[in-house]
Amino acid sequence: MRRKVIAGNWKMNMTPTEAVELVETLKDGVKTDSADVIFCVPAIDIVPVAKAIEGTNIKLGAQNMYYEPKGAYTGEISAAMLVDAGVQYIVIGHSERRQYFNETDDIVNRKVKAAIANGLQPILCCGESLQQRESGVTISFIEEQINAAFAGLTKDEASQIIIAYEPIWAIGTGKVATSEQAQEVCKSIRDLIATLYGRELADEITILYGGSVNAGNAAELFAMPDIDGGLVGGASLKPEFVQIVNY
Ligand code: PGA
């Protein structure tokens, strides 16, 4: 039985002061036994948020890390630093990082490996552009991204990964994928995991949908058989996040 996961991706929002206020606003409402609730916060918010979520069910995620263990990489943060600060999850391969910060499939693969080696659970993002969807290459493109991200991983390592399917055209646009579109891709991802690692792992692995998830569409999306929850951007900063967690 797969557990529901609802992860908020705060992106580049919330100063440390605002971050603590937001946790205070949401923490009682997101208290639930039926889902894992993760806040993926900006790096500078990690330490104050780690303190603010003490005694709650909220788990802490980061949005970026570098794959090297330490050294002369000015401005970067390692997996071990995140773990030491209380982080359990790390978003890797988000389309915004692929697009604006040149995060290639190879970099994604290195980050996934470094995260797992340090005990962080990757929330691995994949997703097609509108042009790719319209030209009918969605499934083959997603398969390429997944194959590259999982390259060289053992079954044990692969089992640590949460996959998030996020069509680029649905992110921050208010244009949500239909539950059928989201289900189709999430099922194809699960089938690919079965091909790579066997049906047992495919049945266990968590696959989320992301892209304009809100309180109005969450229930229908999360009811689909291969969608185990959501990666929520804009709505994770609002009181409606409570409704999404408790849909
Ligand atoms: P959105 O973002 O919910 O604001 O569309 C989702 C994401 O990018 O993770």
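**Pockets, ligand site and cavity in a predicted model**

**Figure 1. Lining of the largest pocket.** In this pocket, 14 nonpolar, five polar and four charged residues make up the lining. The model shown here and in the other views is predicted. Helix 4, residues 95-100, gives the largest share of the lining of the largest pocket, with three residues. The volume of the largest pocket is about 550 Å³. Its lining counts 23 residues, of which Met12, Gln63, Asn64, Arg97 and Phe101 are the closest to the centre.

**Figure 2. The second largest pocket.** Of its 19 lining residues, Gly172, Ser212, Gly233, Gly234 and Ala235 are the closest to the pocket centre. Sorted by class, the lining of the second largest pocket has five nonpolar, 10 polar and four charged residues. The second largest pocket is where the ligand sits.

**Figure 3. Residues around the ligand.** The ligand is surrounded by 13 residues. Lys11, His94, Glu166, Gly172 and Ser212 are the closest of them. The shell consists of four nonpolar, seven polar and two charged residues. Gly172 and Ser212 are also listed among the residues closest to the centre of the second largest pocket.

Figure 4. An N or O atom in the side chain of Lys11 lies 2.8 Å from an oxygen atom of the ligand. For Asn9, the distance from a side-chain N or O atom to a ligand oxygen atom is 3.4 Å. Gly234 takes part through its backbone, with a polar atom 2.9 Å from an oxygen atom of the ligand. The ligand taken alone exposes 290 Å², and the protein buries 95% of that area.

**Figure 5. The cavity.** One cavity of 30 Å³ or more is present in the structure. The volume of the largest cavity is about 30 Å³. Its lining is formed by Gly93, His94, Ser95, Arg98, Cys125, Cys126, Gly127, Glu166 and Ile168. Helix 4 and strand 5 (121-126) are the elements that give two or more residues to this lining. By class, three of the residues lining the largest cavity are nonpolar, four are polar and two are charged. His94 and Glu166, both in the cavity lining, are also among the residues closest to the ligand. Helix 4 likewise contributes to the lining of the largest pocket.

Conventions. Residues are numbered from 1 along each chain as its sequence is written. This is a predicted model: local features need pLDDT of at least 70, side-chain atom pairs count only at pLDDT 80 or more; totals for chains, interfaces and linings use all residues. Side-chain values use heavy atoms; hydrogens and water are left out. A residue is near a molecule or strand if one of its heavy atoms lies within 4 Å of it. A polar contact is a pair of N or O atoms within 3.5 Å; within protein, one must be able to donate a hydrogen and the other to accept it, and residues adjacent in sequence count only if both atoms are side-chain atoms. Accessible areas come from the Shrake-Rupley method with a 1.4 Å probe; for residues, only the protein chains shown count as cover. On a 1 Å grid over the protein atoms alone, a cavity is a set of points where a 1.4 Å probe fits but cannot get out, and a pocket is an open set with protein on both sides within 12 Å along at least five of seven lines; lining residues have an atom within 4 Å of a point. A molecule sits in a cavity or pocket if more than half of its atoms lie within 2 Å of its grid points. Ala, Val, Leu, Ile, Met, Phe, Trp, Tyr, Cys and Pro count as nonpolar, Asp, Glu, Lys and Arg as charged, and the others, Gly among them, as polar. Grid points are joined across faces, edges and corners, and a volume is the space filled by probe spheres set on the points. Helices (H or I, at least four residues) and strands (E, at least two) are DSSP runs, numbered from the N terminus.
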